[in-house]
Amino acid sequence: MAHAGAAVAAALSGGAAWAVNDMPGGPGVNQLNLTRGVTRIAADQWWIHNFLLIVCLAIFVAVFGVMFYSLWAHRKSRGAKPADFHESTAVEIAWTIVPFLIIVGLAIPATRMVVEQKDTSQADLTIKATGYQWKWGYEYLKGEGAGISFLSDLATPLEQIEGRAPKSETYLMEVDNPLVVPVGQKIRMVITANDVIHAWMVPAFGVKQDAIPGFVRDTWFRAEKEGTFRGACAELCGKNHAFMPIVVEVKSQEAYKAWADGKKKEMLAKADDPTKDWTVAELNERGAKVYASNCVACHQGSGKGVPGAFPALEGSKLVLGRQEDQIAILLNGKPGTSMAAFKQLSDVELAAVATYTRNAWGNKAEDTVVQPKDFTAARK
């Protein structure tokens, strides 16, 4: 006990081990108010939030001030006599007109802001964001960089999540592929989802829009400052909801153009040929990476799944059975279960993960190899 007490005292006196810093581009320590943000939308939201708090405080003080004064000044011990009247037209008119004027006064600036937030016309750049369990997919549809597409996944190492390594300042709020946009341009975000309801939210931009399967919603922002800004999925979307961050890098016009050109060249260099016959070794090596990024959260690295929640792939009849059945569930998911569709992955990635699961953990399927062209055919 003495040693434990000494250790706690030393840790408390050290201070540094307990220090928590503001997250770069994210929330600050002990932050109580809204983020001021780097867009006009966020600035308007910050202003009207504070204005409404002041109005509410003024109403609170006025109403309770009158009430407590009346209780004190007209108490029975002072000989106050209750008024003998049934109704007062003047009072009824007053408590109707005054709230009406307050509501109108609040509605005028609020309506202007809401209308402005909904105006996604004349955008310089249009980007589609698709929510998946549990990552974001981005497609640049119009403007500089059109044709670029990639998935953005959590980059926090598993060692930090499991407590086996110190947590970084951007713990659970860092991704492998951030969204990149130019400063000073109007960015239209077209938002949808692949499986369940998600929400694309970046507080610094004043943006929060639900991503609903089968529906397309849109919003916009114009960042007035360069930097890195962080958000997260804001709708409870399943087991790994807390591991679905959003990171946006706002660059200068010149830096953004250089990034877009480089990203297109990178995509061309990484483009896979779905028509060739891949070897088992090639598919297994690629499949292990795809599995780690997309499947391990539910089915576990051991392939044993989570009893009662997620089925095991080790010895699975589906994995060891017909290729057509495994291809179908990877492309379409299984309605009514947590198995989502993964058609957003390329045919090579799908073939790789299918082949990997047929050969991992001691599995030995009759058909050990699934080729990309099999998925290409199944999509038609």
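Predicted model: local features only at pLDDT ≥ 70, side-chain atom pairs only at ≥ 80, totals over all residues.
V353 leads us to the cores. The largest nonpolar core has 38 residues, and the ones with the most contacts inside it are Y138, Y140, M189, W200 and F205. Strand β5, residues 187-193, provides the largest share of this core, namely 4 residues. There is also a second, separate core, made of 23 residues, which includes V353 together with C295, L345 and V370.

Staying with Y140 for a moment, what does it touch once its neighbours within four places in sequence are left aside? The contacts of Y140 include L125, T126 and I127, then the run G145, A146, G147 and I148, and also F150, L179, V180, Y256 and W259.

Two of those partners, I148 and F150, come up again when we turn to K263, which touches I148, F150 and N177, not counting residues up to four places away in sequence. K263 belongs to helix α5, residues 253-270, and it counts as buried because its relative accessibility is 9%, and the limit for buried is under 20%.

Now to the surface, where L57, I59, F60, V61, V63, F64, M67, F68, L71, V98 and I102 form a nonpolar patch with about 1000 Å² of accessible area together. Helices α2 (40-73) and α3 (89-118) each supply at least two residues of this patch, and α2 gives the most, with 9 residues. I59, for instance, is found in α2, and its relative accessibility of 36% makes it partly exposed.

Finally, let us step back to the whole protein, which has 11 helices and 10 strands. Its radius of gyration is 28 Å, well over the 21 Å that the globule rule gives for 380 residues, so the protein is more spread out than a compact globule. Along the principal axes, the C-alpha atoms fill a box of roughly 100 × 70 × 45 Å, and 35% of the 380 residues count as buried. The accessible surface comes to about 21900 Å², with 61% of that belonging to carbon and sulfur atoms. As for contacts between residues at least 6 apart in sequence, 64% of them join residues at least 24 apart.

Technical notes
Residues numbered from 1 in each chain as written. Heavy atoms only, no water. Core = buried A, V, L, I, M, F, W, Y, C linked by side-chain atoms within 4.5 Å. Buried < 20%, exposed > 50% of the residue type's maximum accessible area, 1.4 Å probe, protein only. Contact = heavy atoms within 4.5 Å. Patch = residues over 30% accessible without salt bridge, like charges linked within 9 Å, V, L, I, M, F, W, Y side chains within 5 Å. Areas by Shrake-Rupley, 256 points an atom, 1.4 Å probe, with all protein chains shown as cover. Salt bridge = Lys/Arg side-chain N within 4 Å of Asp/Glu carboxyl O. Rg over C-alpha atoms; globule rule 2.2 N^0.38 Å.
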